[in-house]
Amino acid sequence: MKNAIDQSLGRLQLDERARRNITERIQVLESRGCEGVSCDTAPVIGRSPFLHFGRRKRSMRVLVAVLLLIFALSALCIAAELPWKFMNFFEAVNETSVYDGIELKVTSAAADDDTVMVFYTLRDLEGDRISEATSAYDYFLSGPTTIGNIRDGYDEKTKTAAFFLIGDNGSGLKGHKLTYAISSILDGSPMELYNTQRNAGELLAEQTADLGRPSFREYHARQEDSFWNAQTQKGSNIKDSFEKEDRAALLQDDRLELKFPGVDWVTITNMGYQDGWLHIRVCYDESLVDLNYGYPCLTDSEGREWDTAILNSPLQDGSEEFILQVADVQALDDLYLSGFYTNNKTLYQGEWKVTFEVTGVSTKTIPCSIETGTLSVSKAVLSPFGVSIYGKGERTESICVQLKDGTLLKSESYSCSGDGETGKFECKYKFAEPLVLEEIQSISIAGEQVDIP
Amino acid sequence: MEEYLTAGDEKKVDLEAWMNDYGTNLLRMCFLYLKDVQMAEDAVQETMVNAYFKYEDFKNQASVKTWLTRIAINRCKDYRRSMWFRHVSCVEPAELVGTEPQWDLGDEVSEEAETNQKNMDLIKAVMKLPVKYREVVLLYYYQELSTKETAGVLAVPESTVSTRLRRAKQALKKELGGWQNDEKCD
């Protein structure tokens, strides 16, 4: 097995860039005079914060090669909005794949050179395994580098779930065979707010946990390798200072058994309060935890989440201790213990694969020679779905399109892929409405205007 | 212990040697665990940084490899548990998590391609395993730890490791239609 893995993942190596990142991070920490893990609060160097959004699913070998090149991706927020404005560009596909009585059907698709959009459905031909909460879990779309996959709806009558898939930063997508494949399907609920209906102040008063405060080193002697994760933006802001304060998970045992109604896999097993922080110990059902995620929170009397910093520390026994900042313990008297959790229960595995071809929309390629000192652009490709820019250097977050009637359109989102070593990139900028290529007079990139012939 | 200390400076760890000896190996293990290259790189970076600063606490109770593996696998677990964080996006969260199976996209099958395909099928099958089985397979077969060392890394009884290994092998056999692995003895 070792040989098989090493052969197949031969290109995945701890390369010079990764080594440099490690060395630089250590230098940063040492420069702060840190000698121990409690000082280890420097952020991971070289991390691409948005890399995980809309990740592409494809052949592992190709994936490894491609992902190593990706240095930054914008969140595919645009994927959250179904492309009704683009419906005229979709072509019927209606190709199906059936495995174990579940049918994958690609109903229609649209593509330009680097973006593909796909509508597809999942239907159980034999039973009731496909529900409103079903989603593709492991999936793969050939071609694009970034991908988003969202629910489109559910037909109770036919037990059919519909989805929309959008992939960006590919190349030569239109007119070529594309493959959409799923290897597992998840059935359950997306992240929702669940309320225990228990007053947090009362719950805390019932607990008798002695929050003795072991030193950070003492704690780590018992729970080596645990560390604080920031679970909210506010948590991110205070994570560093929290670790420097020598904080540790305190709730070492289970004294409570409180479940969120309807969520079988999460149990609150202890609570305590110390120095402005509410500690909550959470245990998980081992058989379901891999399919789910979430975190506890506090809600007000109207069920709204109480905005505060949340940190968590995964523990060796599989449980987690969450710490919520509650400066005034009296505030808990007006708050309820709640949690945002997914509720996935089943994973169906199989092989569903549909190959299809999309003629695609017309595009217009514009050679450019933009040089701003920090950015160079060599090519722009216009399509109804947006404008793709090929260049090198500092990417711009938005571009503008000037129409012949004087209207100025500003891009609303973008996604990029590129080579972190050379700085080369390809970015796709999208607009609120489909672009009509004949109406475009010019585009403006980083203040440089390019006339469209 | 002296093996990884830079000559002339007892407190200075030979980080280069760690990265040379274990870096890629840990990266591949983390990738198979997390199914994500970037997260795997992050996990290895945190492993090396953590180990660098905690080397004085390392009492040679295990080999450096086992020790680093333990830190790395715990980092991977932490990352998995914190996955919800990256799901706070406009995209449905569950759909962003997944393996990268090798799909049969070509018609020509040479001998080398067939071997590659078998290797990929094996990797695909390993990545499909539930985490508790996947981790014992990665530690025992890929990191080549003993069942005792694997048990130490995972903080579970050795008997649990043996049971999980047996079930993992059964699952792989079922998935691959008869798995002939290079069996190893502790």
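Author: The model is predicted: local features need pLDDT of at least 70, side-chain atom pairs count only at pLDDT 80 or more, and totals for chains, interfaces and linings use all residues. Residues are numbered from 1 along each chain as its sequence is written, while chains are lettered from A and ligands numbered from 1 in the order in which they are written.

The part to examine is β16(A), which covers residues 336-341. Strands (E, at least two residues) and helices (H or I, at least four residues) are DSSP runs, numbered from the N terminus. Two strands pair if DSSP finds at least two bridges between them. On one side, β8(A), residues 192-199, is joined to β16(A) by five bridges, and the two run antiparallel. The pairing of β16(A) with β13(A), residues 294-299, is also antiparallel and extends over six bridges. Within this second pairing, A:Leu298 has A:Leu337 as its bridge partner.

Together they form an open sheet of three strands in the order β8-β16-β13 of chain A, with antiparallel pairing. In this sheet β8 and β13 of chain A are the edge strands; each has a single partner strand, so one side of each is left without a neighbour in the sheet. On average, neighbouring strands of the sheet are turned by 25° against each other, direction ignored; here axes are lines fitted to C-alpha atoms, for helices over the stretch in contact, and angles run from 0 to 180 degrees between N-to-C directions. As a general point, strands of a sheet pair through backbone hydrogen bonds, either parallel or antiparallel.

Five of its six residues are buried, so β16(A) is largely enclosed by the rest of the structure. A residue is buried if 20 or more other C-beta atoms lie within 10 Å of its own, exposed if 12 or fewer, and partly exposed in between, with C-beta atoms placed from the backbone.

Another antiparallel pairing in chain A joins β18(A), residues 364-371, to β19(A), residues 375-383, through six bridges. A:Pro367 has A:Lys379 in β19(A) as its bridge partner. These two strands form a hairpin with three residues between them, and A:Gly373 in the turn has a positive phi of about 100°.
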